[in-house]
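Dear colleague,

I am handing over a structure that you have not worked with before, and I would be glad if you could look it over. The notes on what was found follow below it.

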Amino acid sequence: MASHSKLWYLQRFRMLDVMTEPQKHLVDKMTRMLEVKHGQRIYVQGDPSDQLFLLKVGVVKISSSGPDQQETILALLYPGDVFGELAMVDDAPRDHIATAHE
C-alpha cells in the first residue's frame, strides 16, 4: 500500500479546495500522522491546542472528565472525520480527551 502525505489525505476530503497555498502550508504544519493502539490517548484536557487530526482508520472517542472523574462521551469519530480543529482558530488548551477507541 502506498504511503501518502498528510495533505493528500486532507485533499481527498476536499477540505483544502478553498485555501490558499500559505493556508495549506499552515494546515500541513499543524497536522501529523500517527498510529495509536486501542485505549491510547491522543491528547488530554489541558494539552495545548496546536494540532489538527484527520482520522484515517478506526474510531476515536472524544470525552470529558468532570470533577467526580466521571467520563462523559461527547462523540465517536470515524474515518474521514477531523478533530482538534479548534487549533486552527483558538490557542486555548484542550477541554476534552481524544482516545483511540477501535
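How many aromatic pairs does a search of the whole structure find? The search finds 3 of them, and please bear in mind throughout that this is a predicted model.

One of the pairs is formed by Y43 and F53, whose rings are tilted, with 5.7 Å from centre to centre and 35° between the planes. This pair links distant parts of the chain, since Y43 belongs to strand β1 (residues 41-43) and F53 to strand β2 (residues 53-54), 10 residues apart. Both Y43 and F53 are buried.

Because Y43 lies in strand β1 and F83 in strand β5 (residues 82-83), the pair ties together parts that are 40 residues apart in sequence.

Are Y43 and F83 buried or exposed? Y43 has a relative accessible area of 4% and is therefore buried, and F83, at 5% relative accessibility, counts as buried too, because the cut-off for buried is under 20%. Taken together, Y43, F53 and F83 are linked into a cluster by ring pairs. What sits over the ring of Y43? It is the charged end of R94, which is placed 4.1 Å from the centre of that ring.

Turning to the strands, there is an open sheet of 4 strands in the order β1-β6-β3-β4, and the pairing in it is antiparallel. Strands β1 and β4 (71-77) are the edge strands, each of them pairing on one side only, and the twist from one strand to the next averages 30°. Within this sheet, strand β3 (residues 60-65) pairs with β6 in the antiparallel sense over 4 bridges, and I62 has A98, in β6, as its bridge partner.

A last point concerns confidence. The chain has a mean pLDDT of 83, with 92% of its residues at 70 or more. Among the elements of the chain, strand β6 (residues 97-100) has the highest mean pLDDT, 95, while helix α1 (residues 6-12) has the lowest, 72. Where pLDDT is low, the predicted coordinates should not be read in detail.

With best regards

Notes:
Residues numbered from 1 in each chain as written. Predicted model: local features only at pLDDT ≥ 70, side-chain atom pairs only at ≥ 80, totals over all residues. Heavy atoms only, no water. Phe/Tyr/Trp six-rings, centres within 6.5 Å; stacked < 30°, edge-to-face > 60°. Helix = DSSP H or I, 4+ residues; strand = E, 2+ residues; numbered from the N terminus. Buried < 20%, exposed > 50% of the residue type's maximum accessible area, 1.4 Å probe, protein only. Lys NZ or Arg CZ within 6 Å of the ring centre and 35° of its normal. pLDDT = per-residue confidence, 0-100. Pairing = 2+ DSSP bridges. Axes fitted to C-alpha atoms, helices over the stretch in contact; angles between N-to-C directions.
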